[in-house]
Amino acid sequence: MQRKASACSLLALVGVTAEERTTKLELFNKLQSENAMESTSLLHLLLGVVLALLSVSLVQGEDAYKYYTWTVTYGTLSPLGSPQQRGGDQLDVLCLLKVNGQFPGPQLDLVTNDNVVLNLVNKLDEPFLLTWNGIKQRKNSWQDGVLGTNCPIRPNSNYTYKFQAKDQIGTYTYFPSTSLHKAAGGFGGLHVYHRSVIPVPYPYPDGDFTLLIGDWYKTNHKVLRESLDSGKSLAFPDGLLINGQAHTTINGDQGKTYMFRISNVGLSTSINFRIQGHTLKLVEIEGSHIVQNTYDTLDVHVGQSAAMLVTLNQPPKDYYIVASTRFSRKVRVATAVLHYSNSKSPASGPLPSSPIYQYHWSVKQARTYRWNLTANAARPNPQGSYHYGKITPTKTIVLSNSAPLINGKLCYAVNKVSYVNPDTPLKLADYFNIPGIYSVDSIQSIPSDNTPTSIATSVVPTSLHDFIEVIFQNNENTMQSWHLDGYDFWVVGYGFGQWTPAKRRTYNLVDALTRHTAQVYPNGWTTILVSLDNQGIWNLRSAIWERQYLGQQI
C-alpha cells in the first residue's frame, strides 16, 4: 500500500496548479522518507513517468512551422534557344523571373496543417505578388496574393506571407498574379503531403516527380503587356516547356512505381500529356483522391494539376515523355526522356500521338474523373461522407464570358462587365468601410442580352454558409478555364450549347470530384457547386491570363 501511495502522489502532480504541486511534492517527500528502504529503481522509473506526463500537461502541441526567405530577380536563360525579344533585334537582358535564382522557382513541400512563414523580397523594377494556386487560406484572404486582397510588394521591398495548409493534401502550384509576370516565369510546384496518421488509397510510390508544363513566348513580358494594353490579343505561343526547358530527363529504376505530378502553368493553351509505352494511373486531382482509372493520355487545362502513378514495367531503355498543345491549329510539342537506370538504348521511334478527337473526346474523359467516396483526403473521415448532391442550392449564378470592344480596345467581360483593379485593395476597402471602391450590383445573376457592356470593379455578395450553383456559360469558340481562390468545388456537369434548368438532370450528384479550376468547352457550359464556408473576399477569374488581365474576373 505504501508503494501505491507513492505512485499516486507522483501521478497527482499532473494537471494541477503550481501551489497544489508544491503541497503534493511536500507530501511525496514525506512519504519517501518514511519508505527509504524501498527500492530506488522503481522510484527512478516513476520519476521518469511523471516528468514525461508533466511535459505533456504543460506544453500544448502545435502544427509545424516552416520558414522561408525568397528573393525574386530577373535573370537570363534561353529555354527555346534564344532570349526573349523586346522588339525588332533588340534583346532584353532582363527577360526571365527567378525565385532564389531558380527557374522554375523552389518547390514548396508541406504536410497537412503546416504553417508557412515566407518572406518574399522583390528585386524587380515593378510591383509584384505571388498567389498560392489551390491553397484555401482558411478565413485568411489577406494572404491570397492577388490585387483584390493584397497591396503589391513594391520594388526593393518585402512582404511576409503567413498561411496554413489547413486540412488539405494534393498537388498545387504558385505563380505571379501581377501584370504579365507569369509570362516570364516565377512559378513553381507546391505539394501538400498527408499526415502519417491518415492513409492514402495507393501504395507509397518509390519516388515523386514534378512536371510543370506550360506554353512560352520568346517575346518579353513587358512587350506582351504593352500589346494587351493597346487592345491587341496575344499571338499563339512560341513553344512549350517542361520544367522550364525544351528537353529534360527523368531517371527511374525498372520495376518501380513513381508519382508524376503534372501542372499546366501556361498562359493560354490546354495540353495533352503521355509517356511512350507506359500507362498513367490517375490517383489525385487538386486535392481530391479519385477513382483510379488508367489512361494512355491526359488532357490538362490551364491552371489545373493532377497526380498519377507510372510503373516502369517496360524493357530497359529510354522512353519519350510528350506534352503538346490541344485544340489548336498550330501544335507546339515539348519532349522529355524517361531514362531507365539500366537502359540499354536511347529513346527511339515516333513520338506517341495525341488524341485524334477533340472536344467531345476531352469531355468524355473529364466525365470519367470520379471522387473516391471511401478514401480519406486530409482528414480521417471519407470524402464521400459529405453528401453534396442532397443539398439544395441557396442561389444560382450564371456567368457568361465575352470579348467585347470597349472604347475601340479588346476587353474580356463577365456578364458584360469588364473588371478593373482599384488602387485600394478590396479587402482593405471592406475592412475600413471605404465607399466607392467596388460595386456589388454591377454583375447580374443571370446574363442579359439587353445589358450594355461596361467597366467596373465587380463584387458578387454572398453569405457565409450559402451553398451556390454556378454555371459558366461559354458562347465563344475558344476554351475557357475558371479558377476560384479560397475554395474547391464540385464539378457536376459539362455540356454543349446553352445551359437551361433542364440540364440539371445530367448533373453528377453522387461522386463528382472537387477541384479549384474547371474547364469550359467552346459553345458549352460547366456547372460547379460551392459550399461557402470560408469567410473573406475571394477572386474568381479566368486562368487564361490574357483574359484575366483584360477583365474576365470578379
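Strand β15 (residues 271–275) and strand β19 run antiparallel and are joined by four bridges. Strands here are DSSP runs of E with at least two residues, numbered from the N terminus, and two of them pair if DSSP finds at least two bridges between them. The model is predicted, so local features need pLDDT of at least 70 and side-chain atom pairs pLDDT 80 or more, while totals for chains, interfaces and linings use all residues. Residues are numbered from 1 along each chain as its sequence is written, and side-chain values use heavy atoms, with hydrogens and water left out.

Back to the pairing. Ile271 has Val300 as its bridge partner in β19. Within β19 (residues 297–300), Thr297 and Asp299 point one way, Leu298 and Val300 the other, and all are buried. Buried means under 20% relative accessible area, with a 1.4 Å probe and protein chains only. In a regular strand, side chains alternate between the two faces of the sheet.

Next, Ser288. Ser288 sits in strand β17 (residues 288–289). Is Ser288 buried or exposed? Ser288 is buried, because its relative accessible area is 0%. The Ser288 side chain makes a polar contact of 3.2 Å with that of Trp371 and another of 2.6 Å with that of Thr514. A polar contact is a pair of N or O atoms within 3.5 Å; within protein, one must be able to donate a hydrogen and the other to accept it, and residues adjacent in sequence count only if both atoms are side-chain atoms.

Notes: Buried means under 20% relative accessible area, exposed over 50%, partly exposed in between (1.4 Å probe, protein chains only).
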